[in-house]
Amino acid sequence: MKPAPFEYHVPDSLEQALGLMRQYAGDAKILAGGQSLVPAMNFRVAQPGVLIDLNRVSELSFIRGKGETIHVGAMTRERHLEFDSSIEKHIPLLTEAAQFIAHPQIRNRGTLGGSIANADPAAELPVLALALDARLKAQNASGERWIDAHDFFAGMFTTRLAADEILVEIELPFMPPRTGWSFMEVAPRAGDYALMGVAALVTLDENGKCKNAKLVYLNAGDGPVDAKESARLLEGEALKDAVIESAAAMASEKEINPFGNIHTSIDFQRHLANVLTKKALKQAAQRAEESLQ
Amino acid sequence: MTQSFPVTITVNEKIYRREVEPRLLLSDFLRHELGLTGTHVGCEHGVCGACTILFDGESMRSCLIFAIQADGHNITTVEGLAKDKDNLHPVQQSFWEAHGLQCGFCTPGILMTLIPFLKQNPNPTEDEIRHALSGNLCRCTGYQHIVDAVKLASEKMKAVK
Ligand SMILES: Cc1cc2nc3c(=O)[nH]c(=O)nc-3n(C[C@H](O)[C@H](O)[C@H](O)COP(=O)(O)OP(=O)(O)OC[C@H]3O[C@@H](n4cnc5c(N)ncnc54)[C@H](O)[C@@H]3O)c2cc1C
Ligand code: FES
Ligand code: FES
C-alpha cells in the first residue's frame, strides 16, 4: 500500500524544527530514519497530517566525548554507532548490541533517537539506554530538559516526550572499570526482531566479587524490562554457577512479563530468557575477570 | 491530490528534475517516474530487500524513503552497474556464471547490497557473506548459489586490482 497524503516540512536547523513542532504540536510527527514510521505509513497504520523531516538538521548528527561520557546526537545513524571507535573502547556493550539491530541497509538509515523515541519493546536501543543509565535531552521551542532513561519509557510505543518536544541528544556514561558485558538474543532470522534478548553488565570489586549488576530484557513486557531484583541477587557474590542460575530463574519466571506472538509462546520466551541470562552472565563475568588481570 | 514540489535527483550519474508529491516513495519514483524498473518492490515495509538501492553510496531500502528526501542526493540503481550487456559488473558476471539467480526478482536488491559490502570487505568469509545477505529474501535459490556467486565475485574483483 501507499502512504496517505501529508504536509511535509524539511527544516535545516534545530531552531526551525522546534518552531514547526510548536506550530503543529499534536498533528506533527518527526521523520528521522523512517525505518519504523514509513512502514507504518505504507500500511496506513500511521497517518500523520504533518511530517517534520530531521534529515537535513546536521547539528543533530554527532558522536562526541565529554569527560567520562559520550554524547550522541539523536539523528546519528545506527550504523555509525556500530563502527565508532570511542564507543567500542568505552561502551563495548553498545558496539556488540548494535549489530543485532535489523539489517545493514536499515542501520544505514535508522537513527539512535528514532529507535529510542519509538519505544518498541522488541528494540535493542531502548534496552541499552536502560542498561547503560543513559540520559536523554528533550527540547521544545521554550527550553530543554534532561530525562533519565529509567523515567523515559511509558509503555508500548509510548514515552514521556511532550507533543512539541524533540529528542535531541543522548548521554551515555562510560562503562565503569572492571565491568564485563554481554548482549544475547534469539531471532528467527539474523536482523529480525528478536523473540527474547538480554543485555547483561557486571562490575566487580577489587576482590573479584560482584559489586553491581544489570539485566535488561527486550520483548519481555510493554517496554524495555529492567530486572532489578534479579540483578540484586548477584551483588556481593562471587559469580559462580549457582547464583547465576538463581538470578536467571528469578528474572525469567518473575520479573519479565512477555506476551508471546505469532512466532513464540510465552513459555518459550521465558525459557529463552533463562538460557540467555545464564549465558550472558557467564560471558559478562568472564570479561570482567579478564579486565582485572 | 496534494501539492507537488520540484526535486533534482542524480540517478546513475544522470540528473533528473521532476515534481513530486511528498508521499511518493523513492521506489515508485524510480520505477514509475523514471522508468527504471530494475528496482523491484516486494513488501513495502523494509523486510524483503528487493528495493535496495545506493543512497550516497550506502545500501538502503528505497521503499522506506520518500522521493522528496532524495532531493540533491546521489542514487545508484541496478541499471547503473553495467555499461552495457557485454560489460557486466564483476558481481553481475559472477551471478551469471555461478547461477546466483533463478527468477531474478531478488537479484537487483542483492546486487545493490553486495556492492558496498564487497568494497568494505573484499575477502569475506562464508559466514560474513551469509550475514550480509540476511536482509534480502530469495524464494528460489536456497541461497547456496548466491553465496557461491559472492565468493566468485570477490575473487574476480581482487584479480582486477
Ligand atoms: C525490516 C526491519 C527490521 C527491523 N529490525 C529491527 C530490530 O531488529 N531491532 C530494532 O531495534 N529495530 C529494528 N527495526 C527498526 C529500526 O531500527 C528503526 O530505524 C528504528 O526503530 C527507528 O528509528 P528511525 O530513525 O528509523 O525512526 P523513524 O521511523 O523515523 O521514527 C520512529 C518514531 O519515533 C519518532 N521520532 C523519531 N525521531 C525522533 C526524535 N528525535 N524526537 C522525537 N520523536 C522522534 C517518530 O515520529 C516516529 O514516531 C527494523 C526496521 C525494519 C524496516
Ligand atoms: S520492497 Fe522495500 S524492502 Fe521489500
Ligand atoms: S531468484 Fe527468485 S527470488 Fe531470488
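A polar contact is taken here as a pair of N or O atoms within 3.5 Å; within protein, one of them must be able to donate a hydrogen and the other to accept it, and residues adjacent in sequence count only if both atoms are side-chain atoms. The structure is a predicted model, in which local features need pLDDT of at least 70 and side-chain atom pairs count only at pLDDT 80 or more, while totals for chains, interfaces and linings use all residues. Residues are numbered from 1 along each chain as its sequence is written, chains are lettered from A and ligands numbered from 1 in the order in which they are written, and side-chain values use heavy atoms, with hydrogens and water left out.

We may begin with the domains of chain A. The assignment, which is of the automatic or database kind, gives domain 1 (7-53), domain 2 (58-173) and domain 3 (179-292) of chain A. Between domain 2 and domain 3 of chain A, the C-alpha centres are 21 Å apart. Here 23 residues of domain 2 of chain A and 25 residues of domain 3 of chain A take part in the contact, contact being heavy atoms within 4.5 Å. About 2000 Å² is buried between domain 2 of chain A and domain 3 of chain A, and carbon and sulfur atoms give 67% of it; buried area is the accessible area (1.4 Å probe) that two parts lose on being put together, summed over both. On the side of domain 2 of chain A, A:Leu93, A:Glu96 and A:Val127 lose the most area to domain 3 of chain A, together 24% of what that side buries.

Polar pairing is also found across this interface. Domain 2 of chain A and domain 3 of chain A are joined by six residue pairs in polar contact (both at pLDDT 80 or more) and by two salt bridges, a salt bridge being a side-chain nitrogen of Lys or Arg within 4 Å of a carboxyl oxygen of Asp or Glu. A salt bridge links A:Arg287 to A:Glu96, with 2.9 Å from N to O. Helix H5 (92-98) and helix H8 (124-131) of chain A are the elements that give two or more residues to the side of domain 2 of chain A that touches domain 3 of chain A; helices (H or I, at least four residues) and strands (E, at least two) are DSSP runs, numbered from the N terminus. H8(A) supplies the largest share of that side, six residues. By residue class, the side of domain 2 of chain A that touches domain 3 of chain A has 16 nonpolar, three polar and four charged residues.

Chain B comes next. Its assignment gives domain 1 (5-80) and domain 2 (90-160) of chain B, with C-alpha centres 22 Å apart. In this case 17 residues of domain 1 of chain B touch 13 residues of domain 2 of chain B. The buried area between domain 1 of chain B and domain 2 of chain B is about 1100 Å², with 65% from carbon and sulfur atoms. B:His40, B:Thr52 and B:Val78 of domain 1 of chain B lose the most area to domain 2 of chain B, together 39% of what that side buries. The interface of domain 1 of chain B and domain 2 of chain B has zero salt bridges, but four residue pairs are in polar contact across it (both at pLDDT 80 or more).

Between the chains, 30 residues of chain A meet 30 residues of chain B. Chain A and chain B bury about 2600 Å², of which carbon and sulfur atoms give 52%. The count between chain A and chain B is two salt bridges and twelve residue pairs in polar contact (both at pLDDT 80 or more). A:Lys2 pairs with B:Asp28 at 2.7 Å between the closest N and O atoms, and A:Lys2 also forms a salt bridge with B:Glu44, at 2.4 Å.

Ligand 1 is surrounded by 33 residues, the closest being A:Ile30, A:Gly34, A:Leu37, A:Thr111 and A:Glu124, where a residue is near if one of its heavy atoms lies within 4 Å. Because residues from chains A and B surround ligand 1, the site is shared between chains. Oxygen atoms of ligand 1 lie 3.2 Å from a side-chain N or O atom of A:Lys29 and 2.9 Å from a polar backbone atom of A:Ser36. A nitrogen atom of ligand 1 is 2.8 Å from a backbone N or O atom of A:Leu167.

Key: Ala, Val, Leu, Ile, Met, Phe, Trp, Tyr, Cys and Pro count as nonpolar, Asp, Glu, Lys and Arg as charged, and the others, Gly among them, as polar.
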